[in-house]
2 protein chains.
Amino acid sequence: MESSMIYLDNAASTRVDPRVVEAMLPYFHDYYAVASSEFSHSPGLKAREALDHARNTIARRLKARDEEIVFTSGGTESNNLALKGAAQSFQGKRNHLICSSIEHNSVTHSCKWLESLGFHTTYLSVDQEGFVDLNQLEDSIDENTFLVSIQHGNQEVGTLQNLEAIGKICRSKEVLFHTDASQSFTFLELDLSRLPADLVTLSAHKIHGPRGVGALYVRQGTPIKKQLHGGYSEFDLRPGTENVAGAVGFGKAVELSTSEHVKRIRMMQSRLADGLTHDIDDVVLNGSQDLNKRLPGNINVSFNRIEGESVVLHLDMRQIAVITGSACFSRSLEPSYVMMAMGFSHERAHGSIRFTISRFNTPEEMNRVVETCREIARSLRSISPLHKQGV
Amino acid sequence: MESSMIYLDNAASTRVDPRVVEAMLPYFHDYYAVASSEFSHSPGLKAREALDHARNTIARRLKARDEEIVFTSGGTESNNLALKGAAQSFQGKRNHLICSSIEHNSVTHSCKWLESLGFHTTYLSVDQEGFVDLNQLEDSIDENTFLVSIQHGNQEVGTLQNLEAIGKICRSKEVLFHTDASQSFTFLELDLSRLPADLVTLSAHKIHGPRGVGALYVRQGTPIKKQLHGGYSEFDLRPGTENVAGAVGFGKAVELSTSEHVKRIRMMQSRLADGLTHDIDDVVLNGSQDLNKRLPGNINVSFNRIEGESVVLHLDMRQIAVITGSACFSRSLEPSYVMMAMGFSHERAHGSIRFTISRFNTPEEMNRVVETCREIARSLRSISPLHKQGV
């Protein structure tokens, strides 16, 4: 990595912690056995123990039981398993599900696929800050509804939904509640001994664990059918040879994610938000205006009268890596569907820029980013036709 | 790892090569970016390049095009994608598929699942050596058949099917041909510029690559629908953040698998087979009797009048790790379905023992294994009730 570069793009902010890699290494070569082997010699037993330990670390963080944690290949697979697995289990009985219009595309595209099979979906609208309307949620649930899927923190604008309230509604209406907590896990408390969620998507790489591993929390007794067929591993919900090293890395990443980090990230978030919106003219924060209702590492802004792409390119030239709001999802230049759902114009949806702050960043970097953004805004606006026209 | 131990179980024989881990390391921390990022700073570009390079290494080994290689989370997912993806694409047009009765359970269980959706499957029988009857295959294909799925090398008994002949039949009957080459890839040549296969399952961990990564070869133009929904990565066939380190490890593992290794493994295979069947009374080789028609690393035998489990336990006590024939698939003590399909009695199906030889083994180890097996056989038979009764 180039040390002079400041990394605030969501990829950099998810790089693997060296201590995670360290923890994984023995499970590549020394303790490699298939964790489910019957007559286990010692490397096999160590692999089994390591898998159990990782599962337990994740379960404890959620106040869940070990057997409620199903390892998968990542957040996308977990979301697919949750939605399709629940749908299949209700097939012929109930055929309606509900999600928000700003879910990750692995949720919305799973819904679309289910629609092709005869299910139907209600996509809840969100307000200008990205919050779901709880009354609309309540009104949308009918006797055919089997599942509500609403994310914890939004991947672009960082808005945090009120999971307690949503869970309460789902319980009272007797429908399953799935939440995609890929972005929030370990950054925010999720106490599943109290929160009435039935299915929770988790991802390792958002917390400096490895790519290619995630998990789905499945509350005991939740009716769900496996979506990959083969062997009987992961409590018969996810076949395939266990990725022991990956699970170990995930467990270690959870262990290393502390509330101290979150405090530091919150402090940097606050500094960056203040700097961008107060020290630079016409910069607006997208998503929740209350920073406590945002993912700790997320800042998403629009620079009025400047295209987001231009700001990103100019930041890149000045050694600051960020991305446009929707860059994770599309290589095209389509406006962010999250911003559009929040009711913004094409222009503002296009212009959004996402900063993802991780524990690898420093407060000093935030200052440099604000300063650099101010220069870029001044320089770009001085040549912008939009600016000259006073639009 | 305990150095005095001889590892011939299929888990040990798939441990990761240290050079593979070495190759992966930079992609955990230094070049971590999402490979599909739009405005890529240099770590992102390096991740993209590494992914492309790994894909190219695999494609070249198969004489395929880069864009025909779709990375997945492993062989199980690849088999699911091949069968369900093809089925979905033929839904409403053709509803019949064919596989052998000794396929990996990720194939047969995918078939069972498809049957629950209205498809039907012909499970081809196999002969005593595990070979599919080509006439039966030809006779089973009708106008409703869309896919034939027959593995290259069997996971338990090592029998290699005649892919050329099967492919020719499929082409002439205009049905898709999928082969699960998880066990054989790089150990045996697969030249897809000549072999008429449309879908080929590949796995990294069988060749000392990492767990949690595999691929599906999809011949250009093959009608197949993605099974996980979300983003557009992997040519819109497999969404999810790319596991760059995993793909790099897979590519490196392919690079490191040479014909020299295969020669050495073949030599050890031959020595082990000869020793077990000639130096010990009443040991029979399961699967193809022609070693050239077996996976290079596979030896599967039954010790008449002794239970396989006992031999495995006694070998374990003498520092030799092997497994029973079906251990990969079931923690129960059910007899191997592969052996049963080959027409053997419960007793013989129960008693089979699988040795998996890798490049980490030595010819000297083969001698020690034969010697130890001879002692164990002598000792167990002297106390066996079956033996005393002269059964």
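Student: How many bridges join strand 5 of chain A to strand 6 of chain A?

Tutor: This is a predicted model, in which local features need pLDDT of at least 70, side-chain atom pairs count only at pLDDT 80 or more, and totals for chains, interfaces and linings use all residues. Residues are numbered from 1 along each chain as its sequence is written, with chains lettered from A and ligands numbered from 1 in the order in which they are written. Strands (E, at least two residues) are DSSP runs, numbered from the N terminus, and two of them pair if DSSP finds at least two bridges between them. Strand 5 (residues 145-149) and strand 6 (residues 176-180) of chain A run parallel, and the bridges joining them number three.

Student: In what order do the seven strands of the open sheet in chain A lie?

Tutor: The pairing in this sheet is mixed. Strand 2 (69-72) and strand 4 (120-124) of chain A each have a single partner strand, so one side of each is left without a neighbour in the sheet. The order is 2-8-7-6-5-3-4.

Student: What share of the residues in chain A is buried?

Tutor: A residue is buried if 20 or more other C-beta atoms, placed from the backbone, lie within 10 Å of its own. Chain A has 391 residues. Buried residues make up 58%.

Conventions
A residue is buried if 20 or more other C-beta atoms lie within 10 Å of its own, exposed if 12 or fewer, and partly exposed in between; C-beta atoms are placed from the backbone. Helices (H or I, at least four residues) and strands (E, at least two) are DSSP runs, numbered from the N terminus.
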